Amino acid sequence: MSSRGDHQPVPLSVLLSRELANGKIEKPEITHGEANQSKKGEDFTFHKTECQRLATDGITSYSVFAIFDGHNGPGAAIYSKENLLNNVIGAIPPDLNREEWMAALPRALVAGFVKTDKDFQEIAKKSGTTVTFVIIEGWVITVASVGDSRCVLEAAEGGIYYLSADHRLDVNEEERNRITASGGEVGRLNAGGGSEIGPLRCWPGGLCLSRSLGDMDVGEFIVPVPYVKQIKLSTAGGRLIVSSDGVWDAITPEKAFDCCRGMPPEAAAEQVVKEAVQSKGLRDDTTCMVIDIVPPEKDPALLPPPKKQVKGVFKSMFRKKSTEASSEMEKEYYEADIVEELFEEGSAMLSERLDTKYPLCNMFKLFMCAVCQVEMKPGEGISVHASSSNPDKTRPWDGPFLCATCQDKKDAMEGKRPSGPERYHSDDSD
């Protein structure tokens with residue numbers, strides 16, 4: 001996961017101005033297929049294509065694809081499948097043009113994930129789920145993820161792009177440090193006699209992940225705040241593979257794309273699952289979605305094989321804007337037709353993910369909670385920057401604002417209040 005300070009993503013205004021300069025660019029054709037082999041019955045998929053939205057600059061449409069890999073029961077996965085999209089869309093103001101809507105998505109995804117987690121925890125004390133959530137609008141792909149399911153892109157012109165983060169504690173030192181700083185413990189299962197076995201886990205609870213939805217019984221330092229990445233495809237298109245860890249624990253992304261190249265999406269998804277199961281057996285629910293995004297009237301099965309990329313160059317493959325960008329660089333942006341990064345953020349801190357640097361003045365309404373969208377009376381809202389360690393963000397009138405229950409959840413996620421089911425018990429419960 002690259003650092004935000006390493007580069008400046010391509011501005012959306014540049015992207016849309018380029019489209020206007022080049023004339024109307026046709027929207028891609030999107031086809032998809034999915035396959036599953038079940039072990040526990042806790043993997044669920046979601047897709048909704050051609051969702052129409054009336055924007056201030058005309059009617060636009062988008063498509064949504066998601067995988068929910070549940071654990072400790074299917075409850076959280078089913079609840080998230082049924083409610084997450086509505087919560088995300090509900091966090092976006094209705095009166096936005098296309099550019100504003102796409103720019104609003106990353107923060108709306110954060111609000112939608114946190115609201116879904118909060119609402120589920122009010123009705124259930126067990127069960128959790130990973131989520132990989134994909135929204136496609138034109139040639140722009142926005143992916144939000146918590147857990148260890150993944151979304152990977154292979155562009156038609158060549159190159160593999162990782163659009164999600166892996167929140168397993170074994171591979172993410174930054175997340176391990178965050179959990180211990182918030183009051184959790186990280187360690188392996190004690191097998192007795194001083195020996196430890198298995199992957200790193202978060203205690204209490206023993207979850208191997210640092211982020212998920214649900215998991216009320218584990219503690220709220222396991223946060224629902226997603227890693228979000230937004231890119232623009234070239235007009236040559238590409239193929240997405242979205243899979244649960246049952247696939248990625250068995251085969252690499254390179255193997256996944258190679259084994260299904262030239263196949264239509266449904267057959268491709270079946271082949272990926274088959275390869276994964278043949279590699280390591282059916283040890284876990286194994287689910288795969290394949291999504292082809294191609295120019296109109298171009299059969300994805302007829303696309304030429306992508307050019308081979310030299311190993312170790314994945315991080316440098318996105319078009320990035322130098323801090324010393326000149327007019328020549330601006331001209332190059334307008335002429336580009338390659339995969340370009342528009343947005344990336346992975347912080348677990350709501351004060352950073354819902355920051356006032358956001359370009360839309362109407363994204364966060366003054367008397368509405370930025371997470372759950374509940375209306376608040378004047379003076380009731382609590383700034384997301386309250387008790388912030390950043391001295392520039394300590395003024396209580398700096399929005400956006402949270403309601404009392406969302407602020408309580410934020411504090412628990414950051415280790416500032418007790419987390420888990422016991423914090424909901426009343427003082428007279430004993």
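Residues are numbered from 1 along each chain as its sequence is written, and side-chain values use heavy atoms, with hydrogens and water left out. Because the model is predicted, local features need pLDDT of at least 70, side-chain atom pairs count only at pLDDT 80 or more, and totals for chains, interfaces and linings use all residues.

The largest nonpolar core holds 31 residues. A nonpolar core is a set of buried Ala, Val, Leu, Ile, Met, Phe, Trp, Tyr and Cys residues joined through side-chain atoms within 4.5 Å. Buried means under 20% relative accessible area, exposed over 50%, and partly exposed in between (1.4 Å probe, protein chains only). Phe-68, Trp-101, Leu-109, Phe-113, Val-131, Phe-133 and Ile-135 touch the most other members. At least two residues each come from strand 2 (43–55), strand 3, helix 2, helix 3, strand 4 (128–137), strand 5 (140–146) and strand 14 (340–345). Helix 3 gives the most, with 8 residues. Helices (H or I, at least four residues) and strands (E, at least two) are DSSP runs, numbered from the N terminus. Contact means heavy atoms within 4.5 Å. Neighbours within four places in sequence aside, the contacts of Phe-68 include Phe-44, Phe-46, Leu-84, Val-131 and Phe-133.

The model has 3 aromatic pairs. Rings of Phe, Tyr and Trp (its six-membered ring) pair if their centres lie within 6.5 Å; planes under 30 degrees apart count as stacked, over 60 as edge-to-face and the rest as tilted. Tyr-62 and Trp-101 form a tilted pair, 5.0 Å centre to centre with 35° between the planes. Tyr-62 lies in strand 3 (residues 58–71) and Trp-101 in helix 3 (residues 98–121), so this pair ties together parts 39 residues apart in sequence. Tyr-62 is buried at 9% relative accessibility, and Trp-101 is buried at 3%. Tyr-79 and Phe-120 are also tilted, at 5.5 Å and 45°. Here helix 2 (residues 75–90) supplies Tyr-79 and helix 3 supplies Phe-120, so the pair links parts 41 residues apart in sequence. Tyr-79 counts as buried at 18% relative accessibility. Phe-120 is buried, with a relative accessible area of 7%.

Strand 6 (residues 150–155) is mostly covered, with 6 of its 6 residues buried. In a regular strand the side chains alternate between the two faces of the sheet. Arg-150, Val-152 and Glu-154 point one way from strand 6, and Cys-151, Leu-153 and Ala-155 point the other way. Two strands pair if DSSP finds at least two bridges between them. Strand 6 pairs with strand 12 (residues 238–243) in the antiparallel sense over 6 bridges. Within this pairing, Val-242 is the bridge partner of Cys-151. Strand 7 (residues 160–162) also runs antiparallel to strand 6, joined by 3 bridges. Val-152 stands opposite Tyr-162 there. The hairpin of strands 6 and 7 has 4 residues between the strands, and Gly-158 takes a positive phi near 110°.

Ser-212 lies in the loop between strand 9 (195–203) and strand 10 (213–214). Ser-212 is buried, at 0% relative accessibility. A polar contact of 2.5 Å joins the side chains of Ser-212 and Asp-215. Such a contact is a pair of N or O atoms within 3.5 Å; within protein, one must be able to donate a hydrogen and the other to accept it, and residues adjacent in sequence count only if both atoms are side-chain atoms. Beyond four places in sequence, Ser-212 touches residues including His-71, Asp-117, Thr-129 and Pro-224.
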